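Welcome, and thanks for taking a look.

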Amino acid sequence: RPGKWIVTMLLVASFFLFMGVLNAPDGRLHVTFFGAEQGEAVLVEAPGGKHILVDGGRSPEKLNLALGKALPFWKRDLDLVIVTSPDSSQLPALIDVLRRYRVDQIWEAPPRSTRAGMPASYYEWRREVKSRNVPTTIATPGQWIELGKGYRLQVLDSPQEEHEQTGPDTTSQRMVLRIDAGQVSFLLTPPPD
C-alpha cells in the first residue's frame, strides 16, 4: 500500500512538472486579441512571463473563457490590467476579473467628465479596486513598462480626432497604447463604446 501512494504521488508530481514545462515562458512576445472583430480585450504575454490585460470586453463570461484558454491552468494572477476608457461599457468584465484573479497593478485613463455623470459600473469598479487594495495609476502619455528583450508597452496620447469630436460638455480621456517589439509595433486603441 505505501508503494501505491508513492507511485500515485510521483505520477501527480510528474504531471504538474510536465504541465509546468509545457506552459513555461518561451522567451517570445505573445499578443492575443479577444473579440477580435471589435478589439474588445488584449492579453499581452511578455518574454519573461508577465501577463498584461488591456480592457475587458462587454461579456464577463466570454472574457473568463478566453483567459482560461490563454493562461496556464494554474495561473490566477495578472501583473497589470490597463483600462483605456474607464467610463466605457468595458468595465463589467474587468470587475469580474478582479474577483477571479489577483491583479498586481492597474493603469487607467482619467474618466471622462460629463454632465450625465459616470455609469454605475465605474463606481462598482472603483469599489472593487479599493476593496482589494490594487495599486492604481492614472496613466499619462510617455509612461511605459518594460516587457523584456528591449520590448516595451508605452502610453500614447488620445488620437486627435477624438479631441475634435468632443464638445464643451465632455473631456475625452481615452488611452492609446503602443507595443514596440523590435521591428514590429502594435497600436492598441480604445474599444468602441
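In which sense do strand E7 and E8 pair, and over how many bridges? Strand E7 (residues 106-108) and E8 pair in the parallel sense, and 3 bridges hold the pairing. Within this pair, Ile-106 has Thr-136 in E8 as its bridge partner. Please keep in mind that this is a predicted model.

## The mixed sheet

E7 and E8 belong to an open sheet of 6 strands, which has the order E1-E2-E3-E5-E7-E8 and mixed pairing. The edges are taken by E1 and strand E8 (136-138); each has a single partner strand, so one side of each is left without a neighbour in the sheet. From one strand to the next, the twist averages 15 degrees.

Two helices lie across parts of this sheet. H2 lies across E1, E2 and E3, and runs at about 155 degrees to E1. Helix H4 (residues 120-131) lies across strand E5 (80-83), E7 and E8, and runs at about 150 degrees to E7.

Which residues of helix H2 are buried? In helix H2 (residues 60-70) they are Pro-60, Leu-63, Asn-64, Ala-66 and Leu-67. These residues cover an arc of only 165 degrees around the axis, which puts them on the same side of H2.

## The antiparallel sheet

There is also an open sheet of 4 strands, with antiparallel pairing and the order E9-E10-E11-E12. Strand E9 (144-148) and strand E12 (184-188) stand at its edges, and each has a single partner strand, so one side of each is left without a neighbour in the sheet. The twist in this sheet averages 15 degrees from one strand to the next.

Let's walk through two of the pairings. E9 and E10 run antiparallel and are joined by 4 bridges, with Leu-153 in E10 as the bridge partner of Ile-145. The hairpin of E9 and E10 has 2 residues between the strands, and Lys-149 in this hairpin takes a positive phi near 60 degrees. Strand E10 (residues 151-156) then pairs with strand E11 (residues 176-181) in the antiparallel sense over 5 bridges. Across that pairing, Val-155 stands opposite Leu-177 in E11, and Leu-156 stands opposite Val-176 in E11.

## Rings and charges

How many aromatic pairs does the structure hold? It holds 1 aromatic pair. The rings of Tyr-122 and Tyr-123 have planes at 80 degrees and centres 5.5 Å apart, so the pair is edge-to-face, given that planes over 60 degrees apart count as such. Tyr-122 is buried, with a relative accessible area of 11%, whereas Tyr-123 is partly exposed, at 42%.

Charged side chains sit over rings too. Arg-76 lies over the face of Tyr-101, 4.5 Å from the ring centre. Over the ring of Trp-144 sits the charged end of Arg-152, at 3.6 Å from the centre of that ring.

Methods
Residues numbered from 1 in each chain as written. Predicted model: local features only at pLDDT ≥ 70, side-chain atom pairs only at ≥ 80, totals over all residues. Heavy atoms only, no water. Phe/Tyr/Trp six-rings, centres within 6.5 Å; stacked < 30°, edge-to-face > 60°. Buried < 20%, exposed > 50% of the residue type's maximum accessible area, 1.4 Å probe, protein only. Lys NZ or Arg CZ within 6 Å of the ring centre and 35° of its normal. Arc of directions from axis to C-beta. Pairing = 2+ DSSP bridges. Axes fitted to C-alpha atoms, helices over the stretch in contact; angles between N-to-C directions. Contact = heavy atoms within 4.5 Å.
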